[in-house]
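Good morning, and thank you for joining.

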Amino acid sequence: MMWYDGGWGWGGWIVMTVFMVLLWAVLIVGLVALVRYLTGTRHHQQPGPPPPGEGGWQGRGAENLLAERFARGEIDEDEYKRRLALLREHR
């Protein structure tokens with residue numbers, strides 16, 4: 001029997017195996033990324049007020065905004081209580 005020995009030998013098998021593993025890895029990562037994109041929630045929102053007409057700050061009460069500022073540490077407790085009393089006084 002004669003064997004064909006004009007090719008790459010074992011090197012060809014190793015290169016082919018590496019390329020197949022890379023191909024499957026790219027396909028699996030791409031599929032996972034596509035599924036996450038199509039089913040995931042959008043977390044890439046710009047900070048700040050939403051565009052007009054989307055509810056957002058226009059639909060929230062002033063007391064809720066004040067409470068959020070207090071929770072974020074933008075104002076201290078004394079200022080929060082003072083502003084809250086002022087808001088409730090002018091209803």
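I begin with Glu-74, which is partly exposed because its relative accessibility is 46%; that class lies between buried, under 20% relative accessible area, and exposed, over 50%, with a 1.4 Å probe and protein chains only. Salt bridges with shared partners tie Glu-74 into one network with Glu-68, Arg-69 and Arg-72. A salt bridge here is a side-chain nitrogen of Lys or Arg within 4 Å of a carboxyl oxygen of Asp or Glu.

Please note that this is a predicted model, in which local features need pLDDT of at least 70 and side-chain atom pairs pLDDT 80 or more, while totals for chains, interfaces and linings use all residues. Residues are numbered from 1 along each chain as its sequence is written, and side-chain values use heavy atoms, leaving out hydrogens and water.

Arg-72 is exposed at 52%, whereas Glu-68 is partly exposed at 27%.

The structure holds six salt bridges. Another of them joins Arg-88 and Glu-63, at 3.4 Å between the closest N and O atoms. That pair links helix H4 to helix H3 across 25 residues; helices are DSSP runs of H or I, at least four residues, numbered from the N terminus.

Which residues of H4 are buried? They are Glu-79, Tyr-80 and Leu-84. Helix H3 (62–72) is among what covers them, with contact meaning heavy atoms within 4.5 Å. The face turned away carries the exposed Asp-78, Arg-82 and Glu-89. Thank you.

Note on methods
Helix = DSSP H or I, 4+ residues; strand = E, 2+ residues; numbered from the N terminus.
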